[in-house]
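Please take a moment to look over the sequence and the model shown here, and then follow the paragraphs below with the structure in view.

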Amino acid sequence: MKIKKIHLINFRNYINEEINFSDNVSLIYGENAQGKTNIVEALYLFSTGKSHRTNNTNELVRHGESYFSIMLEFEDNNYLQSMEIKYEKGNRKRLFINEVKKDRLSDILGVIPSVLFSPESLSCIKGSPGERRKIIDIVLCQVSKKYLYNLQKYNRIVKNKNVLLKKIKNNKQYSSQLDVWNESQAKTGTVIIEERRSLILSLEKRMKRLMHGISDGKEDVKVRYRSLYEENKSIYENFLNLVSENKNREIEQEISLFGPHRDEIEILLNNQSSRLYCSQGQQRSLALSLSIAIMEEIEERTGKIPILLLDDVMSELDEKRRNYLYELIGNNQAVITSTDKMHFKTANDDKVSYIEIKNGTVVSYTNE
Ligand SMILES: Nc1ncnc2c1ncn2[C@@H]1O[C@H](COP(=O)(O)OP(=O)(O)O)[C@@H](O)[C@H]1O
Ligand SMILES: [Mg+2]
């Protein structure tokens, strides 16, 4: 699978612009605030259905306009194919694959898998548990429709259960309904916990190997998943017991206190919490090894090599870590942004294209 071309209409600072990508490395360069990240954002939208910068889709519409439309041409199984996302303010995003309207935006997941590494990726190390859960969820939703289905269902269950908890607090006659919700919460939550657990175990193995390489064997990584499972016990039983035993507490606080929406994923470096004790350099290495581990995982699970999106990170990486990335990219596809036109040495130098962006317009394409 290769992306070929993106066409942006009224998207962020783009009026009507096409950008062609190289089969290998596309380096998008230009000064600050010219629209480099906006291109990455559009590509990210095509792989996840969401922006990585905002939950408010209206922000993506060019100021003064009422809609945006973005189109991606890609090649898969030797066929040229297309995807289109159209959005009018006040409506939902609409998705078209090969010009056929899809019922659900989530049909986009898994078509063009990608992995994004940006300055914000450091938040996966330093940020809240919620940010790490989100990263794990994005990976799982790209590789498994079953996971997506269960995650959406679980979120609905927790929302409805919270409404019920509030009702019960005010009027005890509703208590009889709680058991049903607890059972479905435990059932759906179990699927999520199992999937997360197996992904995290596998990512841990990969990160261990990668960090070993980046740090000359000095750094040891562990990824701890704290959730509702105990060795040799059924997750479902455990979950159901916990919510049953704590009914009164949940009613009192009017909120679901247990389950995967509260999971903690902790990354340890040399047995210490990386969130608390990591240097900048170690954080960067960890974030990088996590991104690479995710790429390997997606490839293994889907057979598709994800597109690597590197937004504004090259200048922050030292020679050694950069070389690591070049090797990783190999013949695969990467879209890289940078304020400087930096030169690439890849397996196929002739397959690197340099794209200069100025004020939402492509001003030049070169191959050197
Ligand atoms: N909805 C929008 N309409 C018009 N311009 C926008 C919109 N959203 C962002 N921009 C403009 O896009 C530019 C930032 O683009 P970005 O891709 O983040 O820059 P960079 O090249 O630094 O990565 C800024 O000039 C900003 O004003
Ligand atoms: Mg940027």
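The bounds of a domain, as the word is used here, come from an automatic or database domain assignment. For this protein, whose model is a predicted one, that assignment gives domain 1 (1-113 + 304-368) and domain 2 (127-303). When the centres of domain 1 and domain 2 are taken over C-alpha atoms, 29 Å separate them.

Where the domains meet, 15 residues of domain 1 are in contact with 15 residues of domain 2. On the side of domain 1 that touches domain 2, helix H1 (36-48) and helix H10 (319-329) each supply at least two residues, and H10, with three residues, gives the largest share of that side. Sorted by class, this side of domain 1 has eight nonpolar, four polar and three charged residues.

The largest nonpolar core has 83 residues, of which Ala42, Leu43, Leu309 and Val335 touch the most other members. Both domain 1 (1-113 + 304-368) and domain 2 (127-303) give residues to this core, so it lies between them. Leaving aside residues up to four places away in sequence, Ala42 touches Ile6, Leu8, Phe11 and Ile70.

The strands are the next thing to trace. Strands of a sheet pair through backbone hydrogen bonds, either parallel or antiparallel. Strand E1 (residues 2-11) and strand E2 (residues 14-20) run antiparallel and are joined by six bridges, and within E2 it is Ile19 that stands opposite Ile6. The hairpin of E1 and E2 has two residues between the strands, and in this hairpin Arg12 takes a positive phi near 50°.

An open sheet of six strands, with mixed pairing, has the order E8-E12-E13-E3-E14-E15. At its edges stand strand E8 (114-117) and strand E15 (361-366), each with a single partner strand, so one side of each is left without a neighbour in the sheet. On average, and with direction ignored, neighbouring strands of this sheet are turned by 20° against each other. Strand E3 (residues 25-29) and strand E13 (residues 334-338) show the parallel sense of pairing, over five bridges, and Val25 stands opposite Ala334 in E13.

Another open sheet has three strands in the order E9-E10-E11, and its pairing is antiparallel. Strand E9 (221-226) and strand E11 (272-273) are the edge strands, each of which pairs on one side only. E9 is joined by six bridges to strand E10 (residues 264-269), where Leu268 is the bridge partner of Lys222. Helix H5 (residues 178-214) packs on this sheet, touching E9 and E10, and the direction of H5 makes about 165° with that of E9.

Two loop residues complete the tour. Most residues other than glycine have a negative phi, and most peptide bonds are trans. Glu99, however, has a positive phi near 70°, and its place is in the loop between strand E6 (94-97) and strand E7 (100-101). Is Glu99 buried or exposed? A residue counts as exposed if 12 or fewer other C-beta atoms lie within 10 Å of its own, and Glu99, with 9 C-beta neighbours inside 10 Å, therefore counts as exposed. Asp216, found in the loop between H5 and E9, has a positive phi near 55°, and Asp216 is exposed, with 8 other C-beta atoms within 10 Å.

Key. Residues numbered from 1 in each chain as written. Chains lettered and ligands numbered in written order. Predicted model: local features only at pLDDT ≥ 70, side-chain atom pairs only at ≥ 80, totals over all residues. Core = buried A, V, L, I, M, F, W, Y, C linked by C-beta atoms within 7 Å. Buried ≥ 20, exposed ≤ 12 C-beta atoms within 10 Å, placed from the backbone. Contact = placed C-beta atoms within 7 Å. Helix = DSSP H or I, 4+ residues; strand = E, 2+ residues; numbered from the N terminus. Nonpolar A, V, L, I, M, F, W, Y, C, P; charged D, E, K, R; others polar. Pairing = 2+ DSSP bridges. Axes fitted to C-alpha atoms, helices over the stretch in contact; angles between N-to-C directions.
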